[in-house]
Amino acid sequence: MNPAQRLMFASAPPRVELESFPVPAPGPGQLLVRNRRTQVSAGSETNFLRFGPQSYGLPDGTARANIGYMAAGEVLAVGAGISGYAVGDRVVTSAPHASHALVDVTPGAAVERIPDGVSDDVAGFIALGDVALHAVRRARLQIDQSVAIFGMGIVGQLVLQFARLSGAYPLIAIDLVDERLEQAKRSGATHTINPGREDVVARVKEFTHGTGAEAVFHCAQAA
């Protein structure tokens, strides 16, 4: 089989490199998947470059690693002992950033078929969407419950959309980057605050008639 390619994250000095690697045939209980899209985790993967591999849960001595955990692709080959999957199936997996991946199919494995009508671009958000959905579910939002969201990156935008679908109001998006606040408006924010120019506490109280937000989500990279 022709060599495939993968992204390698290196921490000394911080950089991302593209390297080729041979792709073996799948063994028993494995799928060979051709990835069409992989999703970047702006938090953990950026932290690998900023703070080193230990921030990603890897040993301190690790200098380079093929990381990532959200991929959408197509099954190219099916190993022995697997039922329920066939060549050509579209799947989402926890594979890293690479053109090809061997995926273990075991009970509870992170591999699922992509429903018809769902694009690879959308399917690639499954893990970050899961994070956002769990947060909103645990908050047990009610209709007309006020919400403030700190950090309007990918997770913040997803939390905002789930909060909107839950009937929460008002939906207050807070971020230092105006472009993210503009996207938040498109995601359903009823109000936006840039802490670099505005008093967050005063503005939240203004938007909530003095009571403050009833539910607050921290979705920023920094504590």
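A word on the model: it is predicted, so to speak of local features we need pLDDT of at least 70, side-chain atom pairs count only at pLDDT 80 or more, and totals for chains, interfaces and linings use all residues. Residues are numbered from 1 along each chain as its sequence is written, and side-chain values use heavy atoms, with hydrogens and water left out. Helices (H or I, at least four residues) and strands (E, at least two) are DSSP runs, numbered from the N terminus.

Strand S8, residues 111–113, is joined to S6 by three bridges, and the two run antiparallel. Strands count as paired if DSSP finds at least two bridges between them. S6, residues 90–93, also pairs in the antiparallel sense with S5, residues 71–78, over four bridges. There, threonine 93 of S6 faces alanine 71.

Now to the parallel part. Four bridges join S9 to S10 in parallel, with valine 147 opposite leucine 171 in S10. S10 and S11 are parallel too, over three bridges, and here isoleucine 172 sits opposite histidine 191 in S11.

How do the chain's helices connect these strands? S9, helix H4 (residues 154–165) and S10 form a right-handed β-α-β unit, and so do S10, helix H5 (residues 178–187) and S11. Right-handed here means that, with the strands pointing away from the viewer, the path from the first strand over the helix to the second runs clockwise.

Which faces of S10 are covered? Both are: Leu171 and Ala173 are buried on one side, Ile172 and Ile174 on the other. Buried means under 20% relative accessible area, with exposed over 50% and partly exposed in between, using a 1.4 Å probe and protein chains only. In a regular strand, side chains alternate between the two faces of the sheet.

Last stop, helix H6, residues 200–207, where Val200, Val204 and Phe207 are buried. They cover an arc of only 65° around the axis, taken from the directions from the helix axis to the C-beta atoms, so they lie on the same side of H6. Their cover includes strands S9 (147–150), S10 (171–174) and S11 (191–193), counting contact as heavy atoms within 4.5 Å. And just after H6, histidine 209 takes a positive phi of about 60°. Thanks, everyone!
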